Amino acid sequence: MDAALRMDDVHLQIGDTTVLRGVSLTVEPAQRWVVLGANGAGKTTLLRIAALYQHPSRGTVEVLGQRLGRTDVRTLRERIAFSSPAVADKLEPTMTAAEAVMTAKHAALAPWWHRYDDSDRERAVSLLERFGCGALAEHRFPTLSAGERQRVLLARALMRDPELVLLDEPTAGLDIGGREQLLGDLSDIAARPGAAPVVLVTHHLEEVPPAFTHALVLRDGETIASGPIVETLTDAVLSACFRVYLRVEHTAGRFTARLA
């Protein structure tokens with residue numbers, strides 16, 4: 001099968017600021033990638049390009065076999081799950097949790113631009129139940145706690161049976177319990193046979209879910225390491241990434257780091 005995502009020598013210049021410089025990434029169908037880096041490293045921007053919401057200044061991007069700039073991104077986005085705090089902030093605030101999930105069928109931010117039927121609603125509620133928040137189906141999305149919103153957004157990400165899943169800091173704002181529950185959900189999704197490839201952005205090493213296979217490490221918009229996860233998330237790489245001497249430990253599929 002073709003790569004789900006192929007980014008080759010991607011640059012992004014905004015005014016006088018170079019946000020990304022020569023970043024390449026190839027995500028094969030059976031892979032689960034984490035993109036790691038400090039704040040301002042370019043992680044979220046890279047994911048926005050992969051999700052077809054940003055065009056690079058230079059380089060090529062192919063998503064599900066389609067070249068960015070030569071395809072209808074509105075149609076292609078319907079095959080991608082993209083979850084980001086920026087997207088969540090744009091959701092129509094009057095929507096219920098079920099509607100927030102259901103509108104992902106058309107990558108929509110509000111419910112009135114498309115038609116939905118009973119089967120769409122049943123799927124949305126089923127996904128909410130799968131992630132332990134079925135009782136919240138009729139609650140307004142803005143009234144939910146941070147942890148509840150993140151679980152709703154994860155359900156939303158799977159509404160379309162996506163061919164590529166892109167997650168931007170899905171555990172942001174969660175307490176330890178909520179974070180661990182969500183990481184368990186992500187690990188279950190990643191480990192399921194035939195599951196869509198996943199790219200997850202984070203700047204916390206302990207938030208890398210088990211069952212993820214590869215890592216891309218960015219610093220100041222450039223790649224400093226990329227490849228199989230255990231070979232990539234090393235003392236030397238993470239120390240260079242965060243500019244402090246770190247000792248990385250890998251136990252039972254989870255990573256931690258502390259000052260060396």
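Predicted model: local features only at pLDDT ≥ 70, side-chain atom pairs only at ≥ 80, totals over all residues.

Me: Where is Asp161 found, and is Asp161 buried or exposed?

Reply: Asp161 is in the loop between α6 and β7. With a relative accessible area of 58%, Asp161 is exposed. The cut-off for that is over 50%.

Me: Let's talk about α6 then. How far apart are the end C-alpha atoms of α6?

Reply: They're 16 Å apart. Helix α6 has 12 residues (146-157), and at 1.5 Å a residue it should span 16 Å, so the two agree.

Me: Which residues of α6 are buried?

Reply: Gln150, Arg151, Val152, Leu153, Leu154, Ala155, Arg156 and Ala157.

Me: Which residues touch the most other members in the largest nonpolar core?

Reply: Leu128, Val152 and Leu233, out of the 55 residues in that core. Val152 belongs to the buried set of α6. Apart from this core lies another one, of 34 residues, with Leu25, Leu64, Leu164 and Leu166 among them.

Me: Back to Val152: what does Val152 touch, not counting residues up to four places away in sequence?

Reply: Ala97, Ala100, Val101, Leu128, Cys133, Phe141 and Leu144.

Me: New topic, pockets. What volume does the largest pocket have?

Reply: About 280 Å³. The lining has 20 residues, and Tyr53, Phe82, Val87, Leu109 and Arg156 lie nearest the centre.

Me: Which elements give two or more residues to the lining of the largest pocket?

Reply: β6, α3 and α6.

Me: Tyr53 came up there. What about Arg77, which residues is Arg77 in contact with, leaving aside neighbours within four places in sequence?

Reply: Tyr53 is one of them, and the others are Ala51, Leu52, Ala107 and Arg160. Arg77 itself lies in the loop between α2 (73-76) and β6.

Me: How far apart are Arg77 and Pro162, in sequence and in space?

Reply: They're 85 residues apart in sequence, and 9.5 Å apart in space from C-alpha to C-alpha.

Me: Leu52 was in that contact list too. Which helix does Leu52 follow?

Reply: Leu52 follows α1, and its phi is positive, near 75°. Helix α1 (residues 43-50) is mostly covered, with six of its eight residues buried. Those are Lys43, Thr45, Leu46, Leu47, Ile49 and Ala50.

Me: On to strands. Why is β3 described as largely enclosed?

Reply: Six of the six residues of β3 (residues 32-37) are buried, so the rest of the structure largely encloses it. Both faces are covered: Arg32, Val34 and Leu36 are on one side, and Trp33, Val35 and Gly37 are on the other.

Me: Which way does β3 run relative to β8, parallel or antiparallel?

Reply: β3 and β8 run parallel, joined by five bridges. β3 also pairs with β9 in the parallel sense, over five bridges. Trp33 stands opposite Val199 in β8 and opposite His214 in β9.

Me: Last one: in what order do the strands of the open sheet of four come?

Reply: The order is β2-β1-β4-β5, with antiparallel pairing. β2 and β5 (66-67) are at the edges with a single partner strand each, so one side of each has no neighbour in the sheet. Seven bridges join β1 (residues 5-14) to β2 (residues 17-27). Along that pair, Leu5 stands opposite Val27 and Gln13 opposite Thr18. The hairpin has two residues between the strands, and Gly15 takes a positive phi near 65° there.

Methods
Residues numbered from 1 in each chain as written. Heavy atoms only, no water. Expected span 1.5 Å × (residues − 1). Buried < 20%, exposed > 50% of the residue type's maximum accessible area, 1.4 Å probe, protein only. Core = buried A, V, L, I, M, F, W, Y, C linked by side-chain atoms within 4.5 Å. Contact = heavy atoms within 4.5 Å. Pairing = 2+ DSSP bridges. 1 Å grid on protein atoms, 1.4 Å probe; cavity = no way out; pocket = protein on both sides within 12 Å on 5 of 7 lines; lining within 4 Å. Points joined across faces, edges and corners; volume = space filled by probe spheres on them.
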